[in-house]
Amino acid sequence: MAAMPIPHQPRLYCEKGNKMNSAGLLLVEDSQSTSMLYEIWLSVLGVPMTLVEDGAQALDWLENNTPSVVLLDLHLPDMAGLDILRSIRQRGLQCEVIVITADNSQRLAVQAMEEGAQDFLVKPVDADRLRVSVRNALRARKLESIASNLAATVNAPPPPGFIGSSIQMQSLYHTLRLIAHSDAPVFISGESGTGKELCASAIHQYGPRRNKPLVALNCAAIPSELVESQLFGHIKGAFTGAVASRTGLTEQAHGGTLFLDEVTELSLEVQSKLLRFLQTGEITPVGTSISKHLNCRIVCATNLDIRKRVEKGLFREDLFYRLHVVPLLIPPLRERGGDIVEIATALLLQFSTVEGKRFKGLSESARQLLQAYSWPGNVRELENTLRHAVVMHNGDWLEAAHIVLPKSRSVALSDQAPVDEQAAGILPLWQVERDAIARALAHCQGNVAQAAALLEVAPSTLYRRMQAKNA
């Protein structure tokens with residue numbers, strides 16, 4: 001007999017070969033009256049349900065579908081329910097199984113649980129007990145799905161050029177892979193030195209345009225009167241000094257990706273022409289009226305608050321909405337915990353090789369010093385600091401004494417002010433607080449939230465204290 005359609009929920013079905021992952025319930029029950037009763041009881045959960053009457057129908061349906069939960073009667077007319085349970089596990093189907101039987105046997109219950117059942121119900125089943133069991137199974141499936149996705153994200157290797165395994169960066173790597181396959185404009189925000197150009201490169205390399213050019217323009221590095229020519233090109237004689245025609249960067253990036261760094265520095269006039277290009281896909285080189293149709297993905301970046309620029313009239317609102325389709329925020333180095341030491345170690349070994357030194361790693365004092373510093377210049381500042389230390393010193397291990405940091409910004413223990421010997425060892429309150437923060441951060445490997453918990457203050461409070469001491 002065919003599977004019963006459900007009156008108030010659409011029956012989930014697909015032909016063989018068309019795999020469909022559903023978030024619903026599969027009820028395997030040979031009694032139609034019992035099936036209808038269960039359906040009524042569970043309708044309040046708002047989850048689609050499919051009803052089948054025997055094992056053959058169940059296995060056939062499971063060939064093309066993966067429900068969230070299976071309600072499985074162990075005594076079916078054509079086979080044992082345990083055989084279906086074993087088949088589900090052998091196929092590796094990601095679903096929870098609740099077994100239901102009229103046989104109140106402890107041995108059978110234990111066997112079902114050993115085979116992978118999530119719960120065991122004995123007929124006659126109470127309505128509330130059934131709903132609680134299904135709710136729990138749905139929640140368990142959701143949590144396992146989240147955990148599985150998180151594990152896949154955490155275990156994914158970083159894009160080329162990136163170093164760091166913190167949760168913040170794992171999330172960033174995952175996002176980069178997701179957005180790479182779209183053609184939507186990406187707007188990267190982050191402090192100077194966090195790696196915005198690396199992100200643009202990763203988006204390009206992970207996407208379908210990887211075999212086409214990645215062309216970059218630093219909008220802040222070129223005089224405003226020349227930016228239009230750089231972007232859209234010009235013909236010979238278009239302006240004074242145009243001794244030859246020039247192909248614009250948009251045309252050079254045709255089929256690939258155009259990365260506009262510090263895009264907020266574009267003049268309003270150039271912004272208008274960039275908006276037209278985004279709307280029409282056409283450019284008009286300076287000095288001519290002939291348009292060219294181009295296709296390139298736009299990735300922008302800035303270290304400024306673009307919304308404030310829009311509010312002040314310095315950036316066109318319509319262009320903002322055209323560019324700010326997929327926003328991407330890069331976390332500053334100070335919020336990346338143990339990544340600081342991980343990056344510093346990699347840089348130390350790299351620079352040691354380049355400079356012909358023998359450094360093997362960081363001493364514990366150097367680790368604490370690096371993690372206690374706020375790194376306003378982010379990875380770029382860390383890179384410069386390590387390069388200077390390697391050039392200026394020798395040894396097997398890089399010590400804290402080898403590392404030069406701006407004293408006004410360091411909260412490291414090694415940067416303590418001299419203690420007045422006549423003050424009986426009493427330190428100024430600001431120094432006690434500074435040292436407590438440094439010790440907590442070092443103990444928690446730079447994790448601000450954990451350090452705040454140790455100090456019994458809110459993370460926001462700790463951030464403010466750190467900024468005050470680093471100003």
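View 1. H10 has 13 residues and reaches 18 Å from its first C-alpha to its last, close to the 18 Å expected at 1.5 Å a residue (1.5 Å times one less than the number of residues). Helices are DSSP runs of H or I with at least four residues, strands are E runs of at least two, and both are numbered from the N terminus. The model is predicted: local features need pLDDT of at least 70, and side-chain atom pairs count only at pLDDT 80 or more, whereas totals for chains, interfaces and linings use all residues. Residues are numbered from 1 along each chain as its sequence is written, and side-chain values use heavy atoms, with hydrogens and water left out. Glycine 281, with a positive phi near 75°, follows H10.

**View 2. Surroundings of leucine 231.** Leucine 231 touches Leu217, Gly248, Leu249, Thr250, Leu258, Leu260 and Val270, not counting residues up to four places away in sequence (contact: heavy atoms within 4.5 Å).

**View 3. Aspartate 396 in its loop.** Aspartate 396 lies in the loop between helix H15 (378-392) and strand S16 (397-398). Not counting residues up to four places away in sequence, aspartate 396 touches Arg358, Phe359, Lys360 and Gly361. The C-alpha atoms of aspartate 396 and lysine 360, 36 residues apart along the chain, are separated by 5.4 Å.
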